[in-house]
Amino acid sequence: MQSYSRRRALSLAVLLAVSLLPVVASAQLGGIGGGFGGTINNTTDVNVANAAQSRHLPRAKHDSHTTLLPYHNKQTISLYAWTRKGLSVRTIDSDGRKWDDWRHLGNNADNPPLYRLDQDDPQNTPAGGGIDTGLVVRDALGASSDHQLFFGYSTSQLTAVSLVRRPLGGAATFTRFLPPTNSTLTPSLNLGAWRSFSAQAAIYTSDNRLEHIFGSGMIDGAPRSLAYNWVTSAPLVELERTQSGNTRVVSHGTPSGVARVRMGPGSATVVTHRLVTNPDGGACCDPVKSSCEGQTPCYGLARSYVFVTADSTYDAPTDLTTNGSTVYMRTRPENGSWSWSSLGAPTTRHTYGAPTVATYFSANPLSGGTGQLALFVTAFDERANRYKLYRNHHNGNGFQGWVDVGRPSDIPSDVPFELTTALVWYQGNKFDWSALRIELYGHSRAKSGAPAKLVHYRWSGSTWYWAPSVADPRGGSLRTESAAALDQSSYQRVSAFARADSGHVFEYVLTSSSASPSATFTLKDLSFEPKFKLITYP
């Protein structure tokens, strides 16, 4: 009898120990079977699968780190997303090649929930479709081990998030900027009824050592129903930051005759179209690798680009004839000033969404290769009565004009779509044209009976083509606006990151190594994390 009592007490103690395991960093519990009556599911998606924040799409950041080992370079992808626990992050690196667990970094406690921009407008609540708020991830100026994240979410405040990352993890520090009122902007700015800012894309200009975080008063998802007509003015807006951390808000206005402009996460870039070469015809000297004494150093003037659509259709009212068809660019040559210019209209009817640009070199720039751009935008083809994708190629000398490149064949003909992000990598020798890969990702628009799908247009090294569109395995909608790659000679991981309307976060990924080359993309759910974690003692 005593022996039975001891065994029963021991069993209860073991059960209690498992159920009370604290959530601390250590090894994951796998399935535990046998005497506990079956397998214990140690994973949960309850924090990430949050439908109320499903329109907050994840953003990824790529980093490259030197190590103590000779010729070894470790690359990392950090994936940020809003969850029930605020800002959260997962990371993967080229050494371990596995995603770590979600780390929840908290929220800005003195502000309203992120998804509620305007509590007075039912269109802007989760039940009305929710609101996207852009999330831009950058290296902190002057501190390469830190990340800074920028976003805007309020009609009364312009707020940025600064995330300090340390080698073994780190805390999130939330910093609030001044509200975007006329008195605090340079020059004065009228954001109409919205008075909002949505961070979308960022570039760095080395000549003046400034970081430019671009967005506009046109919040993604805001032009729903009559809300579209409320946005009387939506200029291109910029947070301009110096290395010392000083910040000002700059209005770039709109092109002449345009009331509203729209840009997206893939709408800005910086490129050096051509390096200066040796006057005698030989190759220039790379000053990063040698002193260049007595030789002509390589250098080139960089040019900054921000592409926008004018009065673009995006969940707009049924009367689409009033929306613009022209694509504009805001450009700045190195040591120069910003200016507007037009790239014309792909069609006689309206554009949809924002432009997306891919930047690449035709060959090694030290050997005469030119920095080139492939610019894409969706527009309505009135003759075909459907939306199509259009490309405008910059060959290093100038843009060549709009070309119709079709649409995904597996998306219904009456469903619009847009590309939102671009990624360039090499499946082989860098700067080898046949090894060049360009991935462009986006999504279709959800319509009755047709959930939104992830769309994928790519350059294979010899041709452009549409890859199969990707659906949410649970039958909902899937949307994306961020991509990143681990690109090494021995291992490559090419990923786009999407979110379903259930809140689940997915990785659409291709992995390839020198031992196992691959050209197949698969969809992986990154929403799950351990329920329990073991405590380990030395």
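**Close-up views of a predicted model**

View 1. The structure shown here, as in every view below, is a predicted model. S469 is found in strand β27, which covers residues 464–470. Leaving aside residues up to four places away in sequence, S469 touches P408, D410 and I411, and also K453, L454 and V455. With D410 the contact includes a polar one, in which the side chains of S469 and D410 are joined at 2.8 Å. S409 is 60 residues apart from S469 in sequence, yet the two C-alpha atoms are 8.8 Å apart in space.

**View 2. The open sheet that contains β27.** Strands β24, β25, β26 and β27 form an open sheet of four strands in the order β24-β25-β26-β27, and the pairing is antiparallel. β24 and β27 stand at the edges with a single partner strand each, so one side of each is left without a neighbour in the sheet. On average, and with direction ignored, neighbouring strands of this sheet are turned by 20° against each other. Within the sheet, β25 and β26 pair in the antiparallel sense over six bridges, and H443 stands opposite L454 in β26.

**View 3. The open sheet from β20 to β23.** Another open sheet has four strands in the order β20-β21-β22-β23, again with antiparallel pairing. Its edge strands are β20 (351–361) and β23 (399–404), each of which pairs on one side only. From one strand to the next, the twist averages 20°. The antiparallel strands β20 and β21 are paired over eight bridges, and T356 stands opposite F376 in β21. At the other end of the order, four bridges join β22 (residues 386–394) to β23 in the antiparallel sense, and the bridge partner of H394 in β23 is F399.

View 4. How many residues of strand β21 (residues 371–381) are buried? The count is eleven of its eleven residues, and the strand is accordingly described as mostly covered. β21 is joined to β22 by nine bridges, and these two strands run antiparallel. F380 stands opposite Y387 in β22. The hairpin of β21 and β22 has four residues between the strands, and in this hairpin N385 takes a positive phi near 55°.

**View 5. The largest nonpolar core, with W464 among its members.** In soluble globular proteins, nonpolar side chains tend to be buried together. Here the largest nonpolar core has 23 residues, of which F376, L389, I438, L440, Y457 and W464 touch the most other members. Strands β20, β21, β22, β24 (417–426), β25 (436–444), β26 and β27 each supply at least two residues of this core. Apart from this core lies another one, of 16 residues, among them A485, V494, F506 and Y508. Not counting residues up to four places away in sequence, W464 touches A374, F376, R391, I438, L440, Y457, R458 and W459. F376, named here as a contact of W464, is also the residue that T356 stands opposite in β21.

View 6. The mean pLDDT of the protein is 76, and 66% of its residues reach 70 or more. Where is confidence lowest, and where is it highest? Confidence is lowest in strand β10 (residues 185–186), at a mean of 40, and highest in strand β26 (residues 454–459), at 97. Over residues 1–37 pLDDT stays under 50, and the model has 34 contacts beyond four places in sequence for this stretch. Over residues 179–194 pLDDT likewise stays under 50, and here the model has 45 such contacts. Where pLDDT is low, the predicted coordinates should not be read in detail.

**View 7. The whole protein, as context for the close-ups.** The protein has two helices and 32 strands, and 54% of its 538 residues count as buried. Among contacts in the protein with a separation of 6 or more, 56% are accounted for by residues 24 or more positions apart.

Conventions. Residues numbered from 1 in each chain as written. Predicted model: local features only at pLDDT ≥ 70, side-chain atom pairs only at ≥ 80, totals over all residues. Heavy atoms only, no water. Pairing = 2+ DSSP bridges. Axes fitted to C-alpha atoms, helices over the stretch in contact; angles between N-to-C directions. pLDDT = per-residue confidence, 0-100. Contact = heavy atoms within 4.5 Å. Polar contact = N/O pair within 3.5 Å; in protein donor to acceptor, adjacent residues only side chain to side chain. Buried < 20%, exposed > 50% of the residue type's maximum accessible area, 1.4 Å probe, protein only. Core = buried A, V, L, I, M, F, W, Y, C linked by side-chain atoms within 4.5 Å.
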